[in-house]
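Please open the model in your viewer and keep the selection panel at hand.

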Amino acid sequence: MKAKNGQHVVGLDIGTTKISCVVADVMDDGRIHIIGLGETPSRGLRKGVVVNLNATVEAVKNCLQQAELMAGIDIETAVVGIAGGHIRSFNSRGVVAVSGRDRTVTQEDIDRVMEAARAVNIPNDREILHVLPQEYVLDDQGSISSPMGMTGSRLEANVHIITAASTSVQNLVTCVNRAGVEVQDTVLEQLASSESVLTDDERELGVALIDIGGGTTDLAIFERGSKWHTSVLPVGGDHFSNDLAVGLRTPVPEAEKLKIRFGCALSSQVREDETIEVPTVGGRKPRLLSRQVMAEILQPRAEEIFNLLLKEITTAGFERVLNAGIVLTGGGSLLPGMVEVAEQVFDLPVRHGLPTGADGLVEPASGPEFATVIGLALYGAHHASSTTGARLRLRPGFVGAFNDRLRSWFSEVF
Ligand SMILES: Nc1ncnc2c1ncn2[C@@H]1O[C@H](COP(=O)(O)OP(=O)(O)OP(=O)(O)O)[C@@H](O)[C@H]1O
Ligand SMILES: [Mg+2]
């Protein structure tokens with residue numbers, strides 16, 4: 001019989017272009033050791049949100065099966081990434097009186113102040129995904145990262161709250177449940193990516209993580225070790241392919257291939273005399289095209305995305321805190337020239353962010369398009385639902401059809 005996944009962490013990234021799954025062992029030093037990997041083209045998603053449930057369920061099942069086969073285990077629970085234009089975030093604050101007689105801050109005080117900070121009014125159709133502590137203030141002293149055991153009378157917590165549309169969360173959870181797996185936690189995708197690509201120093205100094213996926217580009221800003229701002233742009237790598245398809249009058253799948261083989265986001269990086277063959281629509285003879293023309297189509301899109309991000313960062317008031325610059329990750333960051341265009345737009349140092357913190361079967365999952373899924377597994381290894389409060393996301397109806405063990409568990413509990 002195959003082992004259960006109790007001792008393992010499983011990350012599941014349901015992206016717009018691909019679905020990926022990582023099964024890993026947790027090591028003593030907090031790193032993970034990958035023992036299974038699944039990857040399938042994504043179906044039924046648009047801009048990070050499920051629009052065709054059945055198609056997504058099939059694709060997720062397929063991906064999980066690959067990972068199960070490789071790891072030799074049955075996957076029961078997974079940490080699932082969530083993204084999309086419905087995500088909102090804001091900063092909030094909670095204040096409590098330190099309760100103990102000797103006025104030493106205890107875990108209970110910290111729990112209460114976090115509870116107070118998350119007690120904000122959010123619309124009925126939205127739910128809280130994460131409450132991330134930024135800093136604590138004890139009496140008049142601020143910038144405290146862990147107040148445990150310190151003395152004071154008034155404890156204040158500043159937090160970053162991330163909310164999502166309940167229906168989008170539920171649809172995602174339903175997909176995973178129907179594929180026979182319980183959702184251990186839903187984690188914002190750029191938060192997951194940051195687990196795998198950012199260093200502690202960068203998070204401390206101030207850094208913006210930009211994850212360029214297929215349908216969306218996700219931004220997260222860190223400073224003094226905490227998260228201060230997040231947002232999602234509904235533009236990603238697929239828009240580059242669409243631009244090429246229109247500009248070169250070639251079908252989108254061809255344009256996608258051309259982009260991956262010959263694309264460059266900076267026209268000055270391409271020699272003027274380089275040419276490529278472009279297949280045409282309607283069975284006519286392929287055309288010869290200059291690579292520079294391609295780059296001239298791609299560059300404005302890259303500039304547009306980075307300018308939108310720059311505006312977002314400036315509006316949120318963080319342009320001066322990014323001392324460690326910008327880190328680019330996600331499949332869209334693989335386009336040559338992206339780092340250089342980003343440097344020009346932001347006027348900051350920019351680097352590629354590749355997933356770290358994992359070993360084992362890392363070779364096939366070493367590219368930036370796997371930053372999220374490896375980050376999800378790392379998140380599962382490090383957090384154990386601490387920022388969300390574990391939510392059991394099971395519907396007896398769905399579960400019953402797929403998992404006998406869970407069905408009997410439900411009958412025991414309810
Ligand atoms: N070598 C490459 N050069 C240029 N672009 C690439 C390359 N490889 C992948 N891409 C692009 O990266 C995008 C997919 O990135 P990724 O796999 O990170 O997306 P995703 O996680 O499925 O999507 P999302 O995060 O938006 O839900 C596609 O637009 C694809 O064309
Ligand atoms: Mg992604």
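Select ligand 1 together with Glu 256, where an N or O atom of the Glu 256 side chain lies 2.5 Å from an oxygen atom of the ligand; a polar contact here is a pair of N or O atoms within 3.5 Å, and within protein one must be able to donate a hydrogen and the other to accept it, while residues adjacent in sequence count only if both atoms are side-chain atoms. Taken alone, ligand 1 exposes 660 Å², of which the protein buries 90% (accessible areas come from the Shrake-Rupley method with a 1.4 Å probe, and for residues only the protein chains shown count as cover). This is a predicted model, in which local features need pLDDT of at least 70 and side-chain atom pairs count only at pLDDT 80 or more, whereas totals for chains, interfaces and linings use all residues. Residues are numbered from 1 along each chain as its sequence is written, chains are lettered from A and ligands numbered from 1 in the order in which they are written, and side-chain values use heavy atoms, with hydrogens and water left out.

With Thr 216 it is a polar backbone atom that lies 3.1 Å from an oxygen atom of the ligand.

Now widen the selection to the 20 residues around ligand 1, of which Thr 16, Thr 17, Asp 238, Glu 256 and Lys 259 come nearest (a residue is near a molecule if one of its heavy atoms lies within 4 Å of it). Coloured by class, this shell has three nonpolar, 11 polar and six charged residues (Ala, Val, Leu, Ile, Met, Phe, Trp, Tyr, Cys and Pro count as nonpolar, Asp, Glu, Lys and Arg as charged, and the others, Gly among them, as polar).

Which element gives the most to the shell around ligand 1? It is helix 7, with three residues (helices are DSSP runs of H or I with at least four residues, strands runs of E with at least two, numbered from the N terminus).

Strand 10, residues 126–138, holds Ile 128, which counts as buried because its relative accessibility is 14%; the C-alpha atoms of Ile 128 and Ile 87 are separated by 9.9 Å, although the two residues are 41 apart along the chain. Val 137 is also found in strand 10 and counts as buried at 12% relative accessibility, and from Val 137 to Gly 152, 15 residues apart in sequence, the C-alpha distance is 9.7 Å.

Two stops concern the backbone. Ser 143, in strand 11 (residues 141–144), has a positive phi of about 55° although it is not a glycine, and Ser 143 is exposed, with a relative accessible area of 54%. Asp 347, in the loop between helix 9 (338–346) and strand 20 (350–352), has a positive phi near 55° and is likewise a residue other than glycine; at 67% relative accessibility, Asp 347 counts as exposed.

Finish at Pro 300 in helix 8, residues 291–315, which is partly exposed at 42% relative accessibility.

Notes. Buried < 20%, exposed > 50% of the residue type's maximum accessible area, 1.4 Å probe, protein only.
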